[in-house]
Amino acid sequence: MPVELSVTGDARTLDPGIELSAYRIVQEALTNTLKHASGASALVELGYGVAELRVTITDRGGHGARGLGVAGEPGRGLIGMRERVALFDGRFRAAPTADGFRVSATLPLPSSAG
């Protein structure tokens, strides 16, 4: 699957928990694209802000079933992503787009002042 990466802001070392959560969100979103949007390409965007890390994965095109997942049904990828973000009091959104599907997570970063 073709994947494009876009990084904005000043990339830096993050808290290991935040870093792992961001990695797993990207991993799961791309896995979902492979499962549910055969033939799609994807864009992964990482935005390093002063107080937050924004992670957005958008698949473009492809074909296959799309859904948000429901607790109790097979497949818990979106539920797991939502829970990872909730651990850090972040924001999560997953929704279809005009030609694909987008997962967005915003993870707050601890203040570097000390």
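Start in the middle: the largest nonpolar core holds 24 residues, and Ile-25, Leu-53, Val-55, Ile-57, Phe-92 and Val-103 have the most contacts inside it. A nonpolar core here is a set of buried Ala, Val, Leu, Ile, Met, Phe, Trp, Tyr and Cys residues joined through side-chain atoms within 4.5 Å. Buried stands for under 20% relative accessible area, exposed for over 50%, and partly exposed for what lies in between (1.4 Å probe, protein chains only). At least two core residues come from each of helix H1 (16-36), strand S2 (41-48), strand S3 (52-60), helix H2 (77-87), strand S4 (91-96) and strand S5 (100-108). H1 gives the most, with six residues. Helices (H or I, at least four residues) and strands (E, at least two) are DSSP runs, numbered from the N terminus.

Keep in mind that this is a predicted model, where local features need pLDDT of at least 70 and side-chain atom pairs count only at pLDDT 80 or more, while totals for chains, interfaces and linings use all residues. Residues are numbered from 1 along each chain as its sequence is written, and side-chain values use heavy atoms, with hydrogens and water left out.

Now step back to the whole chain. There are two helices and five strands, and along the sequence they follow the pattern β-α-β-β-α-β-β. Of the 114 residues, 35% are buried. Take the contacts (heavy atoms within 4.5 Å) between residues at least 6 apart in sequence: 64% of them join residues at least 24 apart.

Leaving out residues up to four places away in sequence, Val-55 touches Ala-22, Ile-25, Val-26, Glu-45, Leu-46, Val-103, Ser-104 and Ala-105.

Ser-21 lies in H1 and counts as buried because its relative accessibility is 5%. Beyond four places in sequence, Ser-21 touches Arg-84, Phe-88 and Leu-107. The C-alpha atoms of Ser-21 and Leu-107 are 8.9 Å apart, although 86 residues separate the two along the chain. Asn-32, also found in helix H1, counts as buried at 16% relative accessibility. With neighbours within four places set aside, Asn-32 is in contact with Ala-37, Gly-77, Leu-78 and Met-81.

Over at the end of the strand list, S4 and S5 run antiparallel and are joined by six bridges; strands pair if DSSP finds at least two bridges between them. A hairpin of three residues links S4 to S5, and Arg-93 has Ser-104 in S5 as its bridge partner.

What about charges? A salt bridge needs a side-chain nitrogen of Lys or Arg within 4 Å of a carboxyl oxygen of Asp or Glu, and the count by this rule is three. Glu-4 pairs with Arg-60, their closest N and O atoms being 3.7 Å apart. Glu-4 lies in strand S1 and Arg-60 in strand S3, so this pair ties together parts 56 residues apart in sequence. Arg-54 bridges to Glu-52 at 3.8 Å between the closest N and O atoms, and Glu-52 bridges to Arg-91 at 3.7 Å. Glu-52 sits in strand S3 and Arg-91 in strand S4, so the pair connects parts 39 residues apart in sequence. Through shared partners, Glu-52, Arg-54 and Arg-91 form one network. Within it, Arg-91 counts as exposed at 53% relative accessibility, whereas Glu-52 is partly exposed at 25%.
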